[in-house]
Structures are given as structure tokens and as C-alpha cells.
Amino acid sequence: MKFVQFLKTKGATGAIVMGIFYAIAMLGIFLPGYSAIPANIDKLPIAIINDDNGDYGVGIADQLTENLPFKKIETNLTNQQALEELEHNKVALVVHIPEKFSENLQIGEITSTIDFTINEAGAQSVSSAMNSVVAEINNQLSTQFSQQTAQSVLMNSNVPEDQAAALAEKIEAAYAGNIVAINKVPDGMNNGMLPMFLSMACYVGAMIGAMQLVSAYRENRTKASKTRLFSYVQLTALIIAVLSTVVALGVTYVINGPSGNLFFELAGQQILNYMVCFNFAAIVIFLIGEGGMILNLPILFFKHYQTVRLCPAK
């Protein structure tokens, strides 16, 4: 056999086509996904809660609402409602101006804080972006609002200029931005990326399992009814889901060491994810045969694309 003849074989042709196809699929899906950072950050919804009726609280709330680059800013929620929405990733950041903020600033001897709450259990790109935004807000409040606005207010109240400057510096030193992280993720990129890796490992395993079990289903069609064979496929998939979950979490606990209290939550979610992914992949393979793998892998890439692309919360 000549090399040209070998290249024309089904296996060689398929390998060439797959190499080209998946290069296009991966780059065509991943690159647009990552291009959304930081372009789509302004589409993330945030909440600004002002419980302070003083001039400083109202001024900061208005300033943030007007100047922050976010297109959707919730201002009609209570702090508790906003935190609940943050817990469910309906908003990306909660800015809370407490009730006695202006009073504390005027006293100058009590540290007055604004709480910036971020959900670190969301997409890592989102939490990183929100941390950068909070740092910028704090810098602006310290340099622009605290000193300049405070001095202007004091001077308008007939306070001598030198005394106003001294009091303004005291007010500036009394302000501090308080960054609060809920669902805090331990340091280390392995911890931040764990949800995505568990999800991708689950989908890949389910996809390969679907191909093998659908093949076994077709090979044994003459030996049992379709209903019985389908139930065998589902039962086998469930066994695989449990076994693969135990192994996956074993590796996770050896390397990442998450809290033992999370084991059953993680296990339940991973088993459920496996069964959903398995049946989704199996449907495609049942319909169009082993060629369904060609479609299932781009779906996997798109799943990753969704984890990194910044989109408005639904």
C-alpha cells in the first residue's frame, strides 16, 4: 500500500477531518468567550443600597450611580434583598452605605465604612473584575470625595479655611472601604477553577460513556426488548455516575482539601450533572449514531465558553 492510498482510508481521512474541525471549533468558541473580558463587564448588574439619609451617603450613592460604567444598577432593594440576589448571582456586587455613615464622618473619630460585598463562588473572572472595581471606587472616594467634598461642605458652613482643611484630612482618615467576600474561595487557582474542571470532567466522561453504552444497546437489540435495554443503559450510567463521583471527589479532597461538610452536596451535584450530561449526549448519539460525537465536543467547548463569558445575570 502506498502512502497516498493510506491517506484515503477511512481512519486517516477521519483523523485529518477531526484535527481540522476541532481546531476550528475550539478556537472559534474559546477566543470569543475570553474576548468578553473586560468588554462585557458593564453588562453585569450591581446593587447600590443607601441606608444613610445624610449628605455624604446621598452624595456617594448619586456619584456611584452616575459614574460607574454599569448599565444596570439596582437602587430600590434593601441590603438583605441585595445580598440574597448576590448569593444567587443575580447581581455581581452589592455596595452598602450604612445608616450612620454621614454621622460618623462628621464626628471624625469613628471609622465610617462602606461595605462592598462580592460573591467569590461565581465566575472567577467576575469576582476578579469586581475586586478591581471596588479598589478603584475606594481610591476615588478617598481622594476626590472625602477630602475635596468635605472641605467644601465645611467651608460653606462658615468654618475657617485652615480649620476646614484640618477637619477634611481628619474626615479622610476616618473613611475606610470594607470589602466583604461571601462564599470565599481559598487562595490558589486550583480552588477557583475546581467547579469548571469538575464540570468538564463530568461532561467528557458522560459523553464517552454515552457513546459506549449506546453502542452496547445496539449490539444487544436482538437479546432483549428496547425498554429493558434502555433501563439497563440508565442503570449502568447511574453506577458510573456514582463511581466516577467518588473517584473525582477523592482526587479533589487529596489536592484541594475542601470542607468535609460539602462532601454530600458536591457528590449529589456531580451525580446529577453526570446523568444530565449523559442523557443529553446519548440523545444525540441515538439520533445520528457515533457521528454525534462531532456535535457533542463543540457543546463541551461551548459549556466552557459560558463559564468565562461575562453576561448579564438572568
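At 3% relative accessibility, Cys 202 counts as buried, where buried means under 20% relative accessible area, exposed over 50% and partly exposed in between, with a 1.4 Å probe and protein chains only. This is a predicted model, in which local features need pLDDT of at least 70 and side-chain atom pairs count only at pLDDT 80 or more, while totals for chains, interfaces and linings use all residues. Residues are numbered from 1 along each chain as its sequence is written, and side-chain values use heavy atoms, with hydrogens and water left out.

The closest cysteine sulfur to that of Cys 202 belongs to Cys 277, at 4.6 Å, which is too far for a bond. Cys 277 is also buried, at 9% relative accessibility. A disulfide is taken as a pair of cysteine sulfur atoms within 2.5 Å, and the count by this rule is zero.

## Helix α10

Cys 277 is one of the buried residues of α10. Helices are DSSP runs of H or I with at least four residues, strands are runs of E with at least two, and both are numbered from the N terminus. Helix α10 covers residues 263-288, a run of 26 residues, and reaches 38 Å from its first C-alpha to its last. That value is close to the 38 Å expected at 1.5 Å a residue, the expected span being 1.5 Å times one less than the number of residues.

The other buried residues of α10 include Ala 267, Gln 270, Tyr 274, Met 275 and Phe 278. Further along, Ala 281, Ala 282, Val 284 and Ile 285 are buried as well. Just after the helix, Gly 289 takes a positive phi of about 85°.

Strands β1 and β2 run parallel and are joined by two bridges; two strands pair if DSSP finds at least two bridges between them. Ile 46 has Ile 73 of β2 as its bridge partner. The chain passes from β1 through α3 to β2 in a right-handed β-α-β crossover; right-handed means that, with the strands pointing away from the viewer, the path from the first strand over the helix to the second runs clockwise.

Strand β3 (residues 94-97) is also parallel to β1, and four bridges join the two. Here Ala 47 stands opposite Val 94.

## Salt bridges

A salt bridge is a side-chain nitrogen of Lys or Arg within 4 Å of a carboxyl oxygen of Asp or Glu, and by this rule there are two. In one, Lys 71 pairs with Asp 42, the closest N and O atoms being 3.7 Å apart. Lys 71 lies in the loop between α3 (55-67) and β2 (73-74) and Asp 42 in the loop between α2 (10-39) and β1 (46-50), so the pair ties together parts that are 29 residues apart in sequence. Lys 71 is exposed, at 64% relative accessible area, whereas Asp 42 is partly exposed, at 21%.

Lys 72 forms a salt bridge with Glu 74, with 4.0 Å between the closest N and O atoms. Lys 72 is partly exposed at 44%, and Glu 74 is partly exposed at 24%.

Asn 256, in the loop between α9 (226-255) and α10, is buried at 18% relative accessibility. Leaving aside neighbours within four places in sequence, Asn 256 is in contact with Asn 190, Asn 191 and Leu 194, contact meaning heavy atoms within 4.5 Å.

Ser 127 belongs to helix α6 (residues 124-156) and is buried, with a relative accessible area of 9%. With neighbours within four places in sequence again left aside, Ser 127 is in contact with Ile 118, Asn 119 and Glu 120.
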